[in-house]
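We will go from one stop to the next, with a word on what to pick at each.

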Amino acid sequence: MSARVQQVVPDLVEAIRDVMKKHDVTFQDYGAAMQFLINVQETGELPVLVDAFFNATVVDIENATRKGTKADIQGPYYLGADAYNVVTDKLPHRPEDAGAPDMIIRGRITDLDGNPIAGATLDMWHSTPDGLYSGIHDNIDPKFYRGRVITGADGSYSVSSKLPVPYQIPNSGPTGLLLEKYLERHSWRPAHIHFWARADGQRDVVNQAYFEGGDWVGDDCCDTDHLDLVVPELIENGVRVMEVNFALEPAVAMA
Ligand code: DHB
Ligand code: FE
């Protein structure tokens, strides 16, 4: 690891120094930047800040080595594999989210040649219809809007749920101030469904699916913008169908 640090950190420091010189950074700028970082530390927003600006870049770098379905950011709300109960037809929803399911998530998990992978595991999680994550926000029971499907012999899966909505990352602290006030950007992510697909001998993929035509698609505050993961609009019997397929590639041997 120290070899890796010696490889990366001097370049990182040099890049920052170049930016400082390019913009004639003053002691006042320097002090303001220091105070910003202290505020980030004191509000516990370090993961929010770093993820908003840099997580998607690591994903892009990793995707350059992928032949199958592309990865996307995981986000902070996975909750660990134990939180995912096997479901067969439905992600459980809160009793107060009245009405029938208005979304079906379905698709197939295959290898790179399109052969079905039976017994693959797909963990899914998404926000409530009011943009909250169970197990994280408002004491919502973590069993809601989360679940695991195991693919059948034809590699397929299908579950119903209720539509998520766009999600606003925490914006009351320094990250929101930077994005919204100083950079004049916004703190919204398009509505999305998170996935983690796994199968024996195959490389895992963590990604997200987005809704064609949805607000903030292509203008994500987290800079994901994987338009290949935007699912075309399909409505069957008034229900939005999200067709999400996964082509898994063989696992890479760990060095
Ligand atoms: C954040 C939240 C998410 O649900 C997500 O998918 C990505 C990022 C966040 O709060 O930073
Ligand atoms: Fe999310």
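Begin by selecting ligand 1 and the residues around it (a heavy atom within 4 Å): Ile73, Gly75, Pro76, Tyr77, Tyr133, Tyr167, Ile169, Pro170, Arg189, His192, His194 and Gln208. By class, this shell has seven nonpolar, four polar and one charged residues; here Ala, Val, Leu, Ile, Met, Phe, Trp, Tyr, Cys and Pro count as nonpolar, Asp, Glu, Lys and Arg as charged, and the others, Gly among them, as polar.

A note on what is on screen: this is a predicted model, in which local features need pLDDT of at least 70 and side-chain atom pairs pLDDT 80 or more, while totals for chains, interfaces and linings use all residues. Residues are numbered from 1 along each chain as its sequence is written, chains are lettered from A and ligands numbered from 1 in the order written, and side-chain values use heavy atoms, without hydrogens or water.

The side chain of Arg189 has an N or O atom 2.7 Å from a ligand oxygen. For His192 a polar side-chain atom is 3.1 Å from an oxygen of ligand 1, and for His194 the distance is 3.0 Å. Of the 290 Å² of accessible area that ligand 1 has on its own, the protein covers 98% (Shrake-Rupley, 1.4 Å probe).

Now select the iron ion, ligand 2. Which atoms coordinate it? They are Tyr133 (OH), His192 (NE2) and His194 (NE2), at 2.0 to 2.1 Å; donors are N, O and S atoms within 2.8 Å of the metal (3.2 Å for Na, K and Ca), and with water not among the atoms, sites may look incomplete. Tyr133 sits in the loop between β2 (121-126) and β3 (146-150) and His192 in strand β7 (residues 192-198), so this pair ties together parts 59 residues apart in sequence (strands are DSSP E runs of at least two residues).

Notes. Polar contact = N/O pair within 3.5 Å; in protein donor to acceptor, adjacent residues only side chain to side chain. Helix = DSSP H or I, 4+ residues; strand = E, 2+ residues; numbered from the N terminus.
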